[in-house]
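Let's walk through this model together, one region at a time. Have the viewer open as you read.

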Amino acid sequence: MTALLDMREISMVFPGVKALDRVSLSVEAGEIHAICGENGAGKSTLMKVLSGVYPHGSFEGEITYDGAPLRNRRIHDSEEKGIIIIHQELALIPLLSIAENLFMGNEVATNGVISWPLAMQKTGELLRQVGLNEPPSAVVGKLGVGKQQLIEIAKALSKNVRLLILDEPTAALQEADADRLLDLMLELKAQGVTQIIISHKLNEISRVADRITVIRDGAAVSTLTKAEISEDRIIRDMVGRDMAHRYPEREPNPGEVLFEVEGWSCQHPEQAGRQMIKGVSLNVRKGEIVGIAGLMGTGRTELAMSIFGRSYGKSHAGTVRMHGTPVDVSTVPKAIAAGISYVTEDRKALGLILDEPILRNISLANLAGIASRSILNKRREAQVAESYRKQLAIRTPGVQQKVVNLSGGNQQKVVLSKWLFTNPDLLILDEPTRGIDVGAKFEIYTIMKELAEADRGILMISSEMPELLGMCDRIYVMNEGRIVGELARGEASQEKIMALIVKDVGRAA
Amino acid sequence: MADQKQSALAGHLRENGMLLALVAIVVLFSILVAAQGKPMFLQAPNITNIFLQNGHVIILALGMLLIIVAGHIDLSVGSVAAFTGAVAAYLTVELKLPIVVVIPLTLIVGGLIGAAQGYWVAYWRIPSFIVTLAGMLVFRGATLWLLGGQNIGPFPKAFQAMSSGFIPDLTGLEKPHGLTLIVTAIAILVVVWIGVRSRARDAEFGITPEPTGLFWGRTVIIAAAMAFVGWQLASFRGLPNVLIVLAVLTILYAFFTENTVQGRRIYAVGGNEKAAKLSGIRTERLVFFCFVNMGMLAALAGMMVTARLNSATPKAGTGFELDAIAAVFIGGAAMAGGSGTIVGVVIGALIMGVMNMGMSILGVGIDYQQMIKGLVLLAAVIFDVYNKNK
């Protein structure tokens with residue numbers, strides 16, 4: 001077999017981060033090539049380089065495709081050559097029909113006039129090809145994610161795809177839908193479509209992939225053939241070090257109960273009567289780090305946000321206690337006053353004002369702390385920001401720097417500073433290390449450890465199980481809006497957490 | 001370090017650029033006017049008129065800045081100014097109420113109008129563009145209705161003084177106007193002192209200060225300009241009341257936006273509403289406040305215009321909203337919200353005012369005036385975007 005795609009020594013630097021460090025990737029014609037690596041390892045960046053999201057010249061290195069150098073000026077250039085990428089976040093327009101979406105930007109038209117009968121007929125053929133039984137006129141937004149994924153593939157087929165890139169295609173899918181998708185991938189392979197799949201799920205990879213390239217911290221670590229694929233090997237390559245050294249040593253010393261939630265429930269904000277959180281009870285002790293594990297979409301973020309000033313949902317019920325006394329958390333200012341902080345999952349959209357400087361972001365949640373009689377003391381503001389910059393080692397030339405220029409890890413430290421300045425007793429950290437490189441992760445863990453040692457309580461939500469196992473004194477397992485189990489530090493393991501979830505899924509079904 | 005130096009310079013570049021543009025425009029008109037053999041452009045009556053004729057734009061722009069910083073827009077201010085002007089005229093002329101009652105009452109009416117619009121924008125999340133577009137139509141109609149299609153006027157002297165009066169000369173000097181000179185001198189000292197202080201503070205906070213030459217160059221130009229304007233005004237009829245009102249409001253709003261908790265929060269709301277909300281800021285209440293404030297300032301502008309024209313007319317205030325919005329964007333605010341300064345906005349409004357007056361003196365037709373103003377707005381915003389992308 002010959003190589004269809006050859007990416008050599010690709011390097012890419014963003015302000016503050018080296019996203020890719022001389023990564024090479026070779027994909028042979030007709031194979032399914034898997035790329036795996038941790039969050040933030042550089043997988044998606046590499047694919048964006050390939051598809052032309054980052055044009056030729058914005059990175060170093062050479063790409064050869066089909067025997068000729070590939071120099072994309074824009075996405076359109078790579079699409080013309082049959083390289084189609086399906087992103088994690090689907091790029092469909094929910095209010096339009098399947099047919100309209102399929103030929104978006106590629107309309108079946110003569111002289112700018114669309115021929116709908118022809119478009120509908122072609123759509124029908126493509127849908128049959130991907131095994132989707134829906135009328136071409138169906139509105140995309142009303143279909144499930146699994147079906148939308150198939151529409152994306154049909155769209156790729158309509159563009160005469162030769163190299164199809166799927167970025168975590170099954171992340172949001174139910175198992176049956178995921179299975180169907182993997183079958184389709186094998187079918188496409190039989191038809192000669194070369195594919196790249198980015199995935200964390202090792203069972204999927206070993207089912208469909210011919211070869212695997214593991215990427216870690218922006219560098220390609222290894223390329224394994226089917227015979228060499230084993231879970232242990234992949235994990236070792238992905239992580240690159242022993243679990244023991246990825247988390248700071250700490251000796252848990254939990255005190256009395258600090259934070260208690262009892263019978264907490266709430267409904268979906270728009271769909272009346274849909275119960276999202278169902279009678280959750282949990283507690284956090286002083287100096288304790290407690291985790292909430294669960295699959296995506298099981299209501300962990302919704303739970304945290306609904307407690308934090310009813311920022312999510314409606315028809316809330318249940319009690320929240322701090323230091324044994326019931327507290328009013330019906331608005332964000334009240335929750336903050338009760339000593340609760342919530343570090344959001346999506347720091348760019350919900351945590352930071354990107355165009356403002358670091359010091360203004362840090363003071364935002366506690367402006368009273370730098371003001372007297374409502375008049376700001378800017379000297380104090382600068383001092384506060386400066387002290388957090390030193391304390392949390394925020395790497396920046398100065399606190400006047402806009403946060404948009406910082407790397408993910410440093411941005412997260414700014415968000416943490418903002419909340420620490422409100423002097424909380426309890427910090428709820430929602431995916432605190434998402435999209436952060438490994439070194440910065442360790443720093444965030446160290447900050448968490450120090451906070452716990454200062455007798456604060458930490459409730460950590462995370463989708464990365466190793467992180468929960470490495471950091472938490474106790475782990476609650478959540479599924480479908482309920483707590484389905486609680487594991488102490490000693491007894492928790494990835495298998496046990498999964499078992500609790502799977503058992504619950506079985507019970508629900 | 002390089003990054004930071006750049007961003008500090010870029011920040012200064014923007015403010016200095018605005019000021020430079022204003023100076024350049026003034027110089028340009030001075031030359032053009034002289035070339036036509038007309039009397040000096042910067043003579044006292046013209047200077048006075050720039051403030052009298054554009055005072056309402058500056059006042060509206062102050063409120064509009066808060067609205068735009070919060071991420072909204074208000075298209076209704078022209079109609080609201082017309083309506084509140086008509087209300088003031090009705091109260092003064094038809095009901096014969098004294099001015100001390102009319103002014104607060106009209107401001108309250110303006111505030112209520114702002115509240116009525118702000119309520120839908122803030123608490124119902126109806127786009128401000130739509131709410132205030134509706135308000136623009138409603139209050140234009142309400143003005144016609146209240147005036148019955150007629151003009152109301154003339155007004156008693158006390159009411160007119162609001163827009164066309166001058167401060168009394170308490171020193172008894174009269175020629176030149178002594179109090180005007182004293183106020184000018186104090187203002188110059190204050191401006192220099194504030195400049196020196198904020199520069200010292202920049203250094204203390206580790207912000208790269210602008211080069212010493214640039215700072216003093218600018219400060220000297222500003223001080224000289226103020227001294228010149230003060231002297232000219234003093235040799236004419238003294239400081240117009242309008243200028244005092246404008247100066248006080250500008251200082252108040254500049255202080256509010258830069259140095260108070262609520263002012264800071266408005267920027268946060270415009271910068272990232274969700275993050276602001278999750279940081280414990282009551283975003284709805286702030287947006288509501290911005291609209292109430294806008295309504296009151298529109299009422300003030302409405303009264304000033306009505307007093308200057310000495311009659312309330314159904315057509316008053318047409319296009320005011322666009323002048324105010326243009327001043328805000330020329331002044332460097334971002335369409336998306338979250339940025340913009342009061343000083344920038346005032347300079348923006350002055351640039352427009354000087355251009356209006358200069359072109360009128362030169363005898364440039366209204367057709368060309370509109371086109372040129374439009375292009376200046378576009379150029380100012382392109383300059384911003386270019387700087388940001390560089």
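At what angle do the axes of helix H3 (residues 77-94) of chain B and helix H5 (residues 128-147) of chain B cross? The two axes come within 8 Å and cross at roughly 25°; axes here are lines fitted to C-alpha atoms over the stretch in contact, with angles from 0 to 180 degrees between N-to-C directions. Because angles under 35 degrees count as roughly parallel, H3(B) is roughly parallel to H5(B). Helices are DSSP runs of H or I with at least four residues, strands are E runs of at least two, and both are numbered from the N terminus.

A word on the basis: this is a predicted model, where local features need pLDDT of at least 70, side-chain atom pairs count only at pLDDT 80 or more, and totals for chains, interfaces and linings use all residues. Residues are numbered from 1 along each chain as its sequence is written, while chains are lettered from A and ligands numbered from 1 in the order in which they are written.

Now turn to chain A, where A:Leu184 lies in helix H6 (residues 175-190). A:Leu184 counts as partly exposed because it has 18 C-beta neighbours inside 10 Å, between the limits of 20 or more for buried and 12 or fewer for exposed, with C-beta atoms placed from the backbone. Leaving out residues up to four places away in sequence, A:Leu184 touches A:Val130, A:Gly131 and A:Ile153 (contact means C-beta atoms, placed from the backbone, within 7 Å). The C-alpha atoms of A:Leu184 and A:Ile153 are separated by 9.4 Å, with the residues 31 apart along the chain.

Finally, look where the chains meet: the contact takes 28 residues from chain A and 24 residues from chain B.

Terms used
Contact = placed C-beta atoms within 7 Å. Parallel < 35°, antiparallel > 145°, perpendicular 65-115°, else oblique.
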